[in-house]
Amino acid sequence: MAKLRIQFENGDPEKIIEFDPAKAPFHHDGKPGSILDVMLGHGVHLEHACGGNCACTTCHVIVRQGFNKLGESSEQEEDMLDKAPGLTPTSRLGCQAVIEDPDAEIVITVPRYTINQVSEAVEE
Amino acid sequence: MTAEPPPAAGAKGATLGARVEKIFDHASDTRSLFLSLAGGKHLRFIPGQFISILIPLGDETRSRPYSIASDPEHRGPFEICFNRVAGGRGVAWMFERRVGDTIDFSGPFGAFTLDRAPEVEAGFIAEGTAIAPIRPMLKRALASSPREGAPPRIHLIHAAPDREHLLYASELGEMAKKASNFSYEPVIAPAEKIYDRLFELAQARWVLSDADRTRQFYICGVGKGVIRLRDLLRGAGYERRAVHYEQW
């Protein structure tokens, strides 16, 4: 079984998900077997404003462990990540980062804010 | 000004409610909704952004993105447009909305944006309803003067399978008449050939015609055709960050 440990920068309690990557998809948004797919399919919310289609950065996560166990990022994901706040060398988009290795142990941090949510969206 | 507190990424984002003020059908399968916020409040966004609409489907709620097609300076209801997709339950729900209904959404979101006039020649490429985010970008680009002297040229290629799906064609045509630096190229092509045609046109205009590689581009459309256009332009020598795109 693969293991995904999720830490939240906003202080929410850590979550651990154990799953069989061969059973993907677990939900309907993001690439099958992606971090987003695994989280949503196991009842753990991750923002995905564009529906998990690699068109925003709201599912940005920082991979703390197991970065090399994830499927490679595409040029499109890299283009999008360029615009993510708090970008790190191990940043990925949750909707695109696929966990295929059944023995993978992945640890991620969900950043506190996304670039889209920092703006004040409404004015009088 | 009323500021919504930014929510944590681990929690569900702040939700706003919008009332459907008006419905306009561009074609039998393509519709615009005009939405207003409660209390006459104004939605702030950058041209090119989208909202994420919460759509109840059975026992769950899905969020689906809809680009804002109106410009941010417009103080009335903002506009989203969309078309029917075979088997698309979310968009079917959207087509069931009526004037007076309330829609819940979060946002605006998205990094495919243009918030000031380009400082170099710019090319815009869109297919069908993917003109939605491009429309406010063009208005912003033409409304803001970047510097002294002649403004850089802006060219739009918009392709659709027939005339009725060339959304905002008369408005874009009028904009081209008024702005000497803006040219509008509507293209009608069979649905299965649209991206081949866009590829040919982009290649002829921006790759084969000269050696200038200082232009910037904004491409929006559906599927892998968008990536082909991106790769055409980047492969021809344009800077990676000069080729902006959104693939639906």
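Which residues does Gln96(A) touch, not counting residues up to four places away in sequence? I started my notebook there, keeping in mind that this is a predicted model.

**Entry 1: Gln96(A)**

I found Gln96(A) in the loop between β4 (91-93) and β5 (105-110) of chain A. Leaving out residues up to four places away in sequence, Gln96(A) touches Lys31(A), Ser34(A), Cys54(A), Ser73(A), Ser74(A) and Glu77(A). I then checked Glu78(A): it sits 18 residues from Gln96(A) in sequence, and the two C-alpha atoms are 10 Å apart in space. Gln96(A) has 25 C-beta neighbours inside 10 Å, so I noted it as buried.

**Entry 2: Cys54(A)**

Cys54(A) is in the loop between α1 and β3 of chain A. Its phi is near 60 degrees, which is a positive value in a residue other than glycine. I jotted down that most residues other than glycine have a negative phi. Cys54(A) counts as buried because it has 22 C-beta neighbours inside 10 Å.

**Entry 3: His48(A)**

Is His48(A) buried or exposed? I got 28 C-beta neighbours inside 10 Å, so His48(A) counts as buried. His48(A) belongs to the loop between α1 (35-41) and β3 (60-65) of chain A. Setting aside neighbours within four places in sequence, I listed its contacts as Asp29(A), Gly30(A), Leu36(A), Thr58(A), Cys59(A), Cys95(A) and, from chain B, Ser63(B).

**Entry 4: cis peptide bonds**

I looked up a cis peptide bond in each chain. One joins Ala24(A) and Pro25(A), with omega about 5 degrees. Pro25(A) lies in the loop between β2 (15-19) and α1 of chain A. Another joins Gly107(B) and Pro108(B), with omega about 10 degrees. Pro108(B) is in strand β7 (residues 102-109) of chain B.

**Entry 5: the core**

Which residues have the most contacts inside the largest nonpolar core? I wrote down Ile35(A), Ile80(B), Ile125(B) and Tyr218(B), in a core of 93 residues. Helix α2 (residues 131-143) of chain B gives the most to this core, six residues. Domain 1 (16-109) and domain 2 (122-247) of chain B both give residues to the core, so I placed it between them. I then picked Tyr218(B) and, not counting residues up to four places away in sequence, found that it touches Leu114(B), Ala122(B), Phe124(B), Ile134(B), Met137(B) and His244(B).

**Entry 6: two domains of chain B**

I looked at how the two domains of chain B meet. Their centres, taken over C-alpha atoms, are separated by 24 Å. In domain 1 of chain B, 14 residues are in contact with 12 residues of domain 2 of chain B. On the domain 1 side, β1 (16-27) and β6 (78-83) of chain B are the elements that give two or more residues. β6(B) gives the most to that side, with three residues.

**Entry 7: a helix pair**

Last, I checked helix α4 (residues 194-208) and helix α5 (residues 224-235) of chain B. Their axes come within 10 Å and cross at roughly 15 degrees. That makes α4(B) roughly parallel to α5(B). I noted the crossing as right-handed. The α4(B) residues making the contact include Tyr195(B), Phe199(B) and Trp206(B), and those of α5(B) include Gly225(B), Arg228(B) and Leu232(B).

Notes. Residues are numbered from 1 along each chain as its sequence is written. Chains are lettered from A and ligands numbered from 1 in the order in which they are written. This is a predicted model: local features need pLDDT of at least 70, side-chain atom pairs count only at pLDDT 80 or more; totals for chains, interfaces and linings use all residues. A nonpolar core is a set of buried Ala, Val, Leu, Ile, Met, Phe, Trp, Tyr and Cys residues joined through C-beta atoms within 7 Å. A residue is buried if 20 or more other C-beta atoms lie within 10 Å of its own, exposed if 12 or fewer, and partly exposed in between; C-beta atoms are placed from the backbone. Helices (H or I, at least four residues) and strands (E, at least two) are DSSP runs, numbered from the N terminus. Domain bounds come from an automatic or database domain assignment. Two residues are in contact if their C-beta atoms, placed from the backbone, lie within 7 Å. Axes are lines fitted to C-alpha atoms, for helices over the stretch in contact, and angles run from 0 to 180 degrees between N-to-C directions. Angles under 35 degrees count as roughly parallel, over 145 as roughly antiparallel, 65 to 115 as roughly perpendicular and the rest as oblique. A crossing is left-handed if the near helix is turned anticlockwise from the far one by less than a right angle, and right-handed if clockwise.
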